[in-house]
Amino acid sequence: MGKGHRGRSGQPFRVFFHSALAVFGFFYMFPFFWMLAGSLKTPTEFFEGGISLLPHQWVWENYSTAWTEAKFSTYFVNSLLVTLISTLIVIALTSLAGYALARSDFPGKHLIIGIVVVTMFLPKGYTIIPIFGLVKELGLLNTLWAVILVNAATSMVFNTFLFTGFFTTLPEELEEAATLDGARPLDVYWRIAMPLSKPMVGTVALFEFLDSWNGFFIPLIFTLGQPDLRTVAVGIYTFGSQNWPVLCAAATMSLLPTMVLFFFLQRLFVAGLAGVIRG
């Protein structure tokens, strides 16, 4: 009786709370809905329709125009290559570094970690000049490899510490048993640590995918002389205000890969962050 009474008394508050969240969520998502609606309007209706979300005339051709005439297909492929390769490089190197920091103890370890942490607070604008010079000396200027390697390098520190925090939560008994059976450190890392770290792999993959896919400054600098090497973010920026509905269509398509990736990796993402917090 008491529980039922308390449940009924709390019902109005829950209804109000969820209603408030729904209203807040709608206003938070309104810019996306407006962009989606704008991608289906004519240029005239786009400017005269105000903030209306229902087009009077559904112009699906805006998407085909963005894909072909605005060269969005080229930018999309460039972004996909840069993002996928950068993500694979980051996962491979940061997982190795994170495992070494979590399971190894060597002189100066904490000093090295402290120095590396300091680099996280350096703005990219202060380091872009020496990085640009290094890329030029390597002969990678105006290539996608320049964007890939610089993207991966700038993500190493943060993701390494994510892996370090997760690996410290794994039971050492499994690794010790494998070592007693004659497994080498790399075997332990590959056969035991990595299969158990799937949640963190998903988390790092999502972080790096978002960072690389939405990256603007680095692709702009290193593909400045090659318009055909532009990524989605740079391509949309250079498209300017030639045709706003087509621009909205391109922006809408640019969001699809990240939305799909998050849909499939959301459970691993939550589990990975929970593991780091516990660590």
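Helices here are DSSP runs of H or I with at least four residues, strands are runs of E with at least two, and both are numbered from the N terminus. Now, this is a predicted model, where local features need pLDDT of at least 70, side-chain atom pairs count only at pLDDT 80 or more, and totals for chains, interfaces and linings use all residues. Residues are numbered from 1 along each chain as its sequence is written, and side-chain values use heavy atoms, with hydrogens and water left out.

So, is Glu-208 buried or exposed? Buried, at a relative accessible area of 1%; the cut-offs are under 20% for buried and over 50% for exposed, with partly exposed in between, using a 1.4 Å probe and protein chains only. What does Glu-208 touch, leaving aside neighbours within four places in sequence? Ser-86, Thr-87, Val-90, Asn-151, Ala-152, Ser-155 and Asn-159, where contact means heavy atoms within 4.5 Å.

Zooming out, the chain has 14 helices and zero strands. Of its 279 residues, 36% count as buried. If you take the chain's contacts with a separation of 6 or more, 74% come from residues 24 or more positions apart.

On overall dimensions, the C-alpha trace spans about 75 × 70 × 35 Å along its principal axes. The chain's radius of gyration is 24 Å, while a compact globule of 279 residues would be near 19 Å; that's over C-alpha atoms, and the globule rule is 2.2 Å times the number of residues to the power 0.38.
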